[in-house]
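Please look over the sequence and the structure before reading on.

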Amino acid sequence: MINNDILRRIRYVFDLKDNTVMKIFSLAEFDVTQEQVSAWLKKDDDAEFVKLKNKELAAFLNGFISFKRGKREGPPPAPEPDLNNNMVFQKLRIALNLKAEDILAIFELAEFRLSNHELSAFFRKPSHKNYRECKDQVLRNFLMGLQLQLRPESKGSEA
C-alpha cells in the first residue's frame with residue numbers, strides 16, 4: 001500500500017486531527033510541521049501532495065504505539081528505513097494490543113476470511129519457513145475492518 005494511504009486511513013479510523021498526528025510523530029522524537037502533515041494527507045493527484053517516505057511512516061507508527069500504549073523507558077526505537085506491509089501490520093497490532101482472535105474478528109467485519117495459521121505467518125521473521133508476505137489486500141481489509149469496528153457509522157466510506 002502507499003504510505004500516504006496508510007496514514008490517511010489510520011487518521012480517519014481513529015479520528016486524529018492534524019495536531020494529534022504531529023504529537024504522535026513527536027512521541028517518536030520525529031519533528032514534523034503542520035505543512036508536512038497537510039501535504040502527506042492530500043490526495044495523490046493534488047499539486048501539493050508529498051509522498052510519505054518509509055522512515056516517516058515508521059516514525060509515525062512507532063509514535064502511534066507510544067500514543068496508544070504509553071511511552072516506554074529509554075529512547076524510542078529508531079524508525080526503519082525499509083518498511084513493508086508485514087511491519088506496518090505488526091506495529092498496528094502492537095499499538096492496539098490485539099490478539100489473534102481480535103484480528104480475525106476485525107477481518108470478519110470486512111468480510112475477509114483468514115485462518116489463524118495464515119495470520120500467524122504474517123508475524124514471523126522473514127527467514128522462517130512459514131513466513132508469508134502481507135499483500136496490500138490483506139492490510140487494506142484489516143484497516144477497513146478497523147474502520148467498521150471503530151466508526152460503524154461510516155459503512156465503507158473512506159477518508
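Is arginine 151 buried or exposed? Arginine 151 counts as buried because its relative accessibility is 16%, where buried means under 20% relative accessible area, exposed over 50% and partly exposed in between, with a 1.4 Å probe and protein chains only. This is a predicted model, in which local features need pLDDT of at least 70 and side-chain atom pairs count only at pLDDT 80 or more, while totals for chains, interfaces and linings use all residues. Residues are numbered from 1 along each chain as its sequence is written, and side-chain values use heavy atoms, with hydrogens and water left out.

**Arginine 151**
- The side chain of arginine 151 reaches the backbone oxygen of tyrosine 12 at 2.5 Å.
- Beyond its neighbours within four places in sequence, arginine 151 is in contact (heavy atoms within 4.5 Å) with Tyr12, Val13, Asp15 and Leu146.

**Helices α5 and α8**
- The axes of α5 (residues 85–96) and α8 come within 10 Å and cross at roughly 25°, the axes being lines fitted to C-alpha atoms over the stretch in contact, with angles from 0 to 180 degrees between N-to-C directions.
- α5 and α8 are therefore roughly parallel to each other, a term for angles under 35 degrees.
- Among the residues that meet are Val88 and Phe89 in α5, and Leu139 and Phe142 in α8.

**Arginine 132**
- Arginine 132 counts as partly exposed, because its relative accessibility is 33%.
- Not counting residues up to four places away in sequence, arginine 132 touches Asn86, Glu118, Ala121 and Phe122.

Methods:
A polar contact is a pair of N or O atoms within 3.5 Å; within protein, one must be able to donate a hydrogen and the other to accept it, and residues adjacent in sequence count only if both atoms are side-chain atoms. Helices (H or I, at least four residues) and strands (E, at least two) are DSSP runs, numbered from the N terminus. Angles under 35 degrees count as roughly parallel, over 145 as roughly antiparallel, 65 to 115 as roughly perpendicular and the rest as oblique.
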